[in-house]
Amino acid sequence: MIRRRQFVNALVLAISCLAAFGGLFVLIWILADVVVKGAGAINWSFFSQLPAPPGMPGGGLANAIVGTFLMTVTAAAIAVPFGIMAGVYLAEFGDNFMGKTARFLSDILVSAPSIVVGVFVYLVMVRTMGHFSGWAGAVSLAIIMLPVVSRTTEEMLKMVGPEMRESALALGAPYWRMMAGVVSRAAGPGIATGVMLAVARVAGETAPLLFTALNSPYWMHSMNEPMANLTVVLFNYAMSPYDDWHTLAWGAALLITMAVLIVNIITRLMLGRKRRR
Amino acid sequence: MVVVLWQQSQPSIHAFGWSFLTSRQWNPVTGQFGALIPVVGTLISTIIALFFAIPISIGIALFLAELAPPWLRGPFGTAIELLAAIPSIVYGMWGLFVLSPIMANYVQPWLKSWLGFIPLFAGPGMGIGMLTAGLVLTLMIIPFISSVIRDVFLMVPQPLKESAYGLGCTTWEVVRDVMIPYGRKGIAGAVFLGMGRALGETMAVTFVIGNSYHLSWSLFAPGNSIASTLANEFTEADGKLYTSSLIELGLVLFLITFITLGLAQLWLRSKES
């Protein structure tokens with residue numbers, strides 16, 4: 001009896017270790033594939049040239065890199081102020097029915113299917129404006145970022161203890177000075193981390209861009225026209241039958257993955273150091 | 001959002017009514033649209049993903065919460081969480097170029113030779129199809145589920161665990177009889193969270209599911225999911241009815257995930273309080 005129990009125990013523990021190392025193995029496997037296959041595509045023209053037609057040698061993804069960058073920055077510019085304000089509201093005055101509902105909904109929106117966001121923005125912006133545009137892409141990314149930013153802000157604000165708030169109030173500071181001068185300083189680094197992680201997440205989003213920003217083989221002249229971006233280009237190229245394009249797609253995958261992972265690791269290190277202090 | 005989607009899908013709601021959900025027709029040429037195949041595809045790929053992901057995630061969470069030496073926990077947990085940060089399109093591409101040849105050349109013939117008499121594993125294995133889509137989804141949702149379950153395990157009060165150990169329980173018995181019952185709601189919440197992810201995942205699935213409108217018993221056969229239908233056809237849709245049918249698909253997907261994630265939140269919440 002005891003032997004059987006010990007055997008079952010050992011078996012389960014072995015499976016558990018196997019699962020954990022399996023997960024690590026897959027992570028390394030995927031990263032290795034992306035690096036090995038993508039490295040061949042990375043060269044000077046990858047960053048500096050426009051995409052070439054299939055069959056022609058060379059060509060790069062310069063416009064897509066710029067497009068992704070522009071749209072992500074614009075999305076952050078839209079989502080961060082609103083997100084932080086919403087987070088402040090939820091943390092400070094959100095202890096009522098409205099706050100609870102908002103919190104519940106934003107928790108759901110965090111993992112809502114991003115392609116539905118794309119459909120929504122298509123209906124609201126693309127159809128009313130009559131054409132695909134970089135703005136529409138940026139707005140759909142912003143919608144995805146918004147709940148992430150507001151939830152992190154809220155959590156970081158709640159971590160600031162009552163001592164600090166009360167001492168500021170006791171010195172005669174009005175509520176808004178207490179928020180702007182004291183609490184926001186304490187919560188600042190945490191909020192910045194949350195924003196970075198949100199940016200990293202939307203930089204790799206594809207689904208909402210498929211029918212908002214669309215794609216374009218040319219340089220964009222303004223945000224008001226269809227705009228190339230790395231992820232949609234990656235999708236189109238990987239689905240295409242041309243080998244050159246596959247290589248470029250792996251290059252794009254390498255670029256996105258590295259950018260996202262580096263941001264993640266840096267922010268984690270920053271958070272870790274802060275916690276230890 | 002729901003209002004806009006509802007409004008814009010009126011033409012197809014009027015044209016097809018409830019039969020939209022039960023019809024297996026999807027034919028832009030004749031203007032017949034039914035959501036059965038994408039809906040079934042979404043559900044099947046999600047079920048496959050959960051089937052593999054739940055045990056693996058519990059294993060990983062157990063390792064991280066109980067077994068691993070403390071110096072290993074931090075880096076290991078981070079590595080698993082980094083898996084969640086890789087953009088989904090990279091998973092899809094990897095699934096198409098790396099995983100599906102392996103499936104076609106090794107895994108599927110092997111499954112077929114042993115289990116081919118079950119209709120689930122019949123038919124030619126082409127690499128892409130339901131099973132591969134489910135596996136890619138598995139990889140994608142494991143990080144989410146396992147990190148939530150780990151947190152749930154870590155919330156189990158120490159005295160509870162120690163008294164079970166004191167009675168002479170083995171680690172597995174403590175997990176099975178103390179930790180899992182204690183965190184049952186949290187674990188259910190974690191699973192639903194992963195399910196919500198899997199249901200709405202677009203890019204990874206679009207690459208490997210095969211995009212075909214045939215209903216088949218075989219898991220090797222290509223199929224379609226709601227999200228990948230949208231991704232493939234939305235920009236090409238012409239005509240009011242076609243577009244509004246696609247929008248209605250989006251509405252269906254949104255409602256399914258909304259309910260799933262709502263349940264997840266309710267369960268995770270009630271655990272916290």
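Modeller: A helix is a DSSP run of H or I with at least four residues, and a strand is a run of E with at least two. The structure discussed here is a predicted model.

Biologist: How many helices and strands does the secondary structure of chain B come to?

Modeller: By that rule, chain B has 13 helices and two strands. Chain A has eleven helices and zero strands.

Biologist: How do you know what confidence chain A has?

Modeller: The confidence is given as pLDDT, on a scale from 0 to 100. The mean for chain A is 75, and 79% of its residues reach 70 or more. Among the elements of chain A, helix α2 (residues 44-48) has the lowest mean, 66, whereas α1(A) has the highest, 80.

Biologist: Why is A:Val110 called partly exposed?

Modeller: A buried residue needs 20 or more other C-beta atoms within 10 Å, while an exposed one has 12 or fewer. A:Val110 has 19 such neighbours, and therefore it counts as partly exposed. This residue lies in helix α4 (residues 97-110) of chain A.

Biologist: Which residues are in contact with A:Val110, leaving aside its neighbours within four places in sequence?

Modeller: They are A:Pro147, A:Val148 and A:Arg151. A:Val148 is 38 residues away along the chain, yet the two C-alpha atoms are separated by 6.1 Å. In chain A, of the contacts with a separation of 6 or more, 74% join residues 24 or more positions apart; for chain B the corresponding figure is 76%.

Biologist: What share of each chain is buried?

Modeller: Buried residues make up 44% of the 277 residues in chain A and 51% of the 273 residues in chain B.

Biologist: How do you know what span helix α5 of chain B should have?

Modeller: The helix has 16 residues, 70-85, and at 1.5 Å a residue it should span 22 Å; the end C-alpha atoms are 24 Å apart, which agrees.

Biologist: Which residues are buried in α5(B), and what places them on the same side?

Modeller: B:Gly77, B:Ile80 and B:Leu83 are buried. They cover an arc of only 105° around the axis, so they lie on the same side of α5(B). In general, an α-helix has 3.6 residues a turn, so residues three or four places apart point the same way. The face turned away from the buried side of α5(B) carries the exposed residues B:Trp71 and B:Pro75.

Biologist: What covers the buried residues of α5(B)?

Modeller: The cover includes α1 (2-39) of chain A, as well as α4 (36-67) and α7 (130-155) of chain B.

Biologist: What makes up the contact between the chains?

Modeller: Chain B gives 52 residues to it and chain A gives 50. On the side of chain B, the largest share, nine residues, comes from helix α13 (residues 240-272). By class, that side has 38 nonpolar, 13 polar and one charged residues.

Biologist: Which residues of the largest nonpolar core touch the most other members?

Modeller: Such a core consists of buried nonpolar residues joined through C-beta atoms within 7 Å. The largest has 148 residues, of which A:Met145, A:Leu234, A:Ala253, B:Val136 and B:Ile145 touch the most other members. α7(B) gives the most to this core, with 16 residues.

Biologist: What does A:Ala253 touch, not counting residues up to four places away in sequence?

Modeller: A:Ala253 touches A:Val34, A:Gly38 and A:Leu234 from chain A, together with B:Val90 and B:Met93 from chain B.

Methods: Residues are numbered from 1 along each chain as its sequence is written. Chains are lettered from A and ligands numbered from 1 in the order in which they are written. This is a predicted model: local features need pLDDT of at least 70, side-chain atom pairs count only at pLDDT 80 or more; totals for chains, interfaces and linings use all residues. The expected span of a helix is 1.5 Å times one less than its number of residues. The arc is that of the directions from the helix axis to the C-beta atoms. Two residues are in contact if their C-beta atoms, placed from the backbone, lie within 7 Å. Ala, Val, Leu, Ile, Met, Phe, Trp, Tyr, Cys and Pro count as nonpolar, Asp, Glu, Lys and Arg as charged, and the others, Gly among them, as polar. pLDDT is the predictor's confidence in each residue, from 0 to 100.
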